[in-house]
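Me: Can you take a close look at one part of this model for me? I'd like to hear about the charged side-chain pairs and the greasy bit of the surface.

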Amino acid sequence: MKIPVSYHQQRLWFINHFEKDYLYEGGPVYHNIPLFFSTDKKINKEHIKSAFTKLIERHDILRTKIILEEEQIFQSISSIKEFDTSKVLIEQTDLKSKIEELRQKPFDFESDYLIKAYFENTKTGSGFLFVIHHILVDRYSLKKIQQEFLEYTEQPDVQKKRTLQYQDF
């Protein structure tokens with residue numbers, strides 16, 4: 001599904017497009033927002049994958065690419081069936097020490113989903129790092145994403161109602 005971008009998204013797309021490979025190899029990364037959080041209990045991989053999948057299903061924006069087509073910029077929202085969780089949910093080791101390194105990986109707006117999710121299970125619990133481009137989220141949104149993700153890991157059978165999405169306006 002394609003829908004027009006907001007003015008804010010247009011501005012961020014232009015900055016990324018202008019600076020990519022001209023000022024920054026692969027693209028600028030200063031709009032990549034990291035969200036690191038951890039739990040005191042170890043969460044098994046299947047629950048992590050299930051929680052992330054539910055989060056992606058609930059929020060269209062997390063399945064969005066920003067594309068240029070016929071001189072127009074659009075949000076291209078993948079269907080849930082098209083979205084390949086294995087490309088964006090990645091198990092890591094020594095996650096806490098790699099936060100900045102992982103945040104520094106540029107996104108390709110046209111071919112990448114603008115989210116990467118990393119997780120690690122340690123002896124004392126689980127750690128998570130979501131790196132999401134600012135074109136999709138702000139700090140307030142990150143708190144909601146963290147809250148919902150943790151709810152899904154604690155209660156895997158919970159189904160939340162779909163909320164209003166940007167495309168609904």
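Reply: Patches here are built from residues with over 30% relative accessible area and no salt bridge, with nonpolar side chains joined within 5 Å. This is a predicted model, by the way. On that basis, F14, F18, Y22, L23, Y24 and Y30 make up a nonpolar surface patch of about 690 Å². One of them, Y22, sits in the loop between α1 (7-19) and β2 (32-39). Y22 has a relative accessible area of 63%, so it counts as exposed.

Now the charged pairs. Side chains of opposite charge can pair when their charged atoms come close. The count comes to 6 salt bridges, including one between K2 and E69, at 2.2 Å from N to O. That pair links distant parts of the chain: K2 is in strand β1 (residues 2-4) and E69 in strand β3 (residues 64-69), 67 residues apart. K2 is partly exposed at 43%, and E69 is partly exposed at 33%.

Then there's E91 with K45, whose closest N and O atoms are 2.9 Å apart. E91 is partly exposed at 39% relative accessibility, and K45 is partly exposed at 45%.

R103 and E100 form a salt bridge too, with 2.7 Å between the closest N and O atoms. These two are 3 residues apart in helix α3 (residues 99-103), so about one helical turn separates them. R103 counts as buried at 13% relative accessibility, whereas E100 is partly exposed at 43%.

Methods. Residues are numbered from 1 along each chain as its sequence is written. This is a predicted model: local features need pLDDT of at least 70, side-chain atom pairs count only at pLDDT 80 or more; totals for chains, interfaces and linings use all residues. Side-chain values use heavy atoms; hydrogens and water are left out. Patches are made of residues with over 30% relative accessible area and no salt bridge: like charges are joined within 9 Å, nonpolar side chains (Val, Leu, Ile, Met, Phe, Trp, Tyr) within 5 Å. Accessible areas come from the Shrake-Rupley method with a 1.4 Å probe; for residues, only the protein chains shown count as cover. A salt bridge is a side-chain nitrogen of Lys or Arg within 4 Å of a carboxyl oxygen of Asp or Glu. Helices (H or I, at least four residues) and strands (E, at least two) are DSSP runs, numbered from the N terminus. Buried means under 20% relative accessible area, exposed over 50%, partly exposed in between (1.4 Å probe, protein chains only).
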